[in-house]
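Here is a walk through the structure shown below. Keep the viewer open and follow along.

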There are 2 protein chains.
Amino acid sequence: MNAMEVGLPATVPAEGLPARVRVHEVGARDGLQNEKAVVPAQVKAEFIRRLAGTGLTTIEATSFVHPKWVPQLADAEELFPAVADLPVDLPVLVPNERGLERALALGARRVAVFASATESFAKANLNRTVDESLAMFEPVVARAKDAGGLHVRGYLSMCFGDPWEGDVPVGQVVRVCRALLDMGCDELSLGDTIGVATPGHVSALLTALDGAGVPVERLGVHFHDTYGQALSNTLTALRHGVRTVDASAGGLGGCPFAKSATGNLATEDLVWMLRGLGIDTGIDLGRLVATSVWMAAHLGRPSPSRTVRALSHQES
Amino acid sequence: MNAMEVGLPATVPAEGLPARVRVHEVGARDGLQNEKAVVPAQVKAEFIRRLAGTGLTTIEATSFVHPKWVPQLADAEELFPAVADLPVDLPVLVPNERGLERALALGARRVAVFASATESFAKANLNRTVDESLAMFEPVVARAKDAGGLHVRGYLSMCFGDPWEGDVPVGQVVRVCRALLDMGCDELSLGDTIGVATPGHVSALLTALDGAGVPVERLGVHFHDTYGQALSNTLTALRHGVRTVDASAGGLGGCPFAKSATGNLATEDLVWMLRGLGIDTGIDLGRLVATSVWMAAHLGRPSPSRTVRALSHQES
């Protein structure tokens, strides 16, 4: 890579925000899973290795879903051992017990299940009702805990809107959150899978979860930038005490089964804001931009992240 | 245009925000002024006419700058009369007394001067020191007031960072704001010309302006999306009571003289957030998206607005 002059914003803290945020990097899994051309395992491993070199501490590595459903991630058995030596957390998705056994066989220490807040998406993504999918996850979470106390994350999709159902009642989301925590999930990731959330909606859900006794320490947020709202929503979540934010290096990815679900929040755009606010992430923005530029070159198209675009053109 | 299925976010208000926001639409002037190929006056007039049809009430029409400096806006004498019948406010930029006389001759009722918070940008943009430029604007503002009490807006560039100077002290911005108000400006627009602001910085400046006795009713904000921060910064400004927000339909434009100064905040991304928050703008998002799609077709490239992209692809 060429030397790159990386600008940084002035640091001006704001009141009522956390001192530190943990970025849960999803680019290698959520980002790449929708790529049509299969990215070779060696390239993915190099991507994860470079991401680890930026200071990221949580890098979702892959998914042990059946290869038939996500061919892009069919190389999980090759990829995971290739990065397992890295001194970072490497959570992996496990859709069911079979997936969990595959992950356990490779020594995974953190796993994630993938639930839906709506019946329509549960049907589309899992071919089950919400309750049937929760019943499917229950033994997965129990086995993960029995098998050495793995850390279990529960993803929850469609928390703010659903392409088939439209509005999603906050109470419905709270119910599934509670069920996931009650079955033993350590952490939840509240997903705005189609990017329709706005700040009042984020506040309303976090307030309702607080009212239902869900500790904010166990919540992460996962916003999509489909309508350009991801960072405002993240800022709102931070004001509610959320300290775990999902983001995707370079803004890679989306959701293959949801209409208009393009654009994860770009990690670089997030880090720019957090850096400006004086919120520690431990991430070197220059290295992160360089990593996304490298990955974009491999994929043959520019990163959609505004920060990546601005900083990688700033070579004068 | 084809029928377009326009999605809207769920409306969930948040506390501490204004009930109504006035969008100051800058696409026709700030947006188009950087286009290399001159957009014909009839197309610009049609653009403004369509913008007025969306419910926008303030549409910056053009600039009476010397044609040598901004050839794209050399048609101001043709354009302004072509839209003067519209029942909306049509502010125009006037860089100096000569520009003001041209605007007055055409019956303009709202004008704007364009100042800089930094010496470097004042030099680059106006070939003057900050104080010399203020001295230049003083008779312009006085004449605008004498000539029938025109509404005068004062733009202030580089309020959050400068490509040559880096950080811009808040006190320096406050000083120029005070000077612009003291000479008779009715309203100020605080510009983040290179897009480097983050929410704490926005809070700090608005707090300092409040401390200096500047009424928030007289402030507008003008954020650029260079690093994806414009909407988070806007949300922060709304929390401080700001009720005037500059935005550019489809995200057109930037600044011709500032490095990396790409991307005005897209009006559509702003309206999506405000609509979700239940904040009234009077703007029909579907019509606005259709207008930006129409303009993008004329310019031959897609809109950078995420909302425009999401909604204009949502045809199924």
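**Where the chains meet**

The term stands for a side-chain nitrogen of Lys or Arg within 4 Å of a carboxyl oxygen of Asp or Glu. By that rule, two salt bridges are found across the interface of chain A and chain B. Moving on to polar contacts, the count between chain A and chain B is nine residue pairs, both residues at pLDDT 80 or more. A polar contact here is a pair of N or O atoms within 3.5 Å; within protein, one must be able to donate a hydrogen and the other to accept it, and residues adjacent in sequence count only if both atoms are side-chain atoms.

Which helices of chain A supply the side that touches chain B? At least two residues each come from α8 (199–211), α9 (230–239), α10 (267–276) and α12 (306–313) of chain A. The largest share, five residues, belongs to α9(A). Helices (H or I, at least four residues) and strands (E, at least two) are DSSP runs, numbered from the N terminus.

A quick word on ground rules: this is a predicted model, where local features need pLDDT of at least 70, side-chain atom pairs count only at pLDDT 80 or more, and totals for chains, interfaces and linings use all residues. Residues are numbered from 1 along each chain as its sequence is written, chains are lettered from A and ligands numbered from 1 in the order in which they are written, and side-chain values use heavy atoms, with hydrogens and water left out.

Now zoom out to the whole interface. In contact (heavy atoms within 4.5 Å) are 38 residues of chain A and 38 residues of chain B. Between them the chains bury about 3200 Å², with 56% of it on carbon and sulfur atoms. Buried area means the accessible area (1.4 Å probe) that two parts lose on being put together, summed over both.

How are the two copies related? A rotation of 180° with 0.0 Å of shift along its axis puts chain A on chain B, with an RMSD of 0.0 Å. The copies are thus related as by a two-fold rotation axis. To find that axis, look for A:Ser232: in chain A its C-alpha is the nearest to the axis, 2.2 Å away. The superposition is by least squares on the C-alpha atoms of residues with pLDDT of at least 70 in both copies. Since 100% of the interface residues of chain A are also interface residues in chain B, the copies meet through the same surface.

Next, the sheet. In chain A, nine strands make an open sheet with parallel pairing, in the order β2-β1-β9-β8-β7-β6-β5-β4-β3. Its edge strands are β2 and β3 (62–63) of chain A, each pairing on one side only. Two strands pair if DSSP finds at least two bridges between them. Strand β1 (residues 22–25) of chain A runs parallel to β9 (residues 244–247) of chain A, joined by four bridges, and A:Arg22 has A:Thr244 as its bridge partner in β9(A). Two bridges join β1(A) to β2 (residues 58–59) of chain A, where A:His24 is partnered by A:Thr58.
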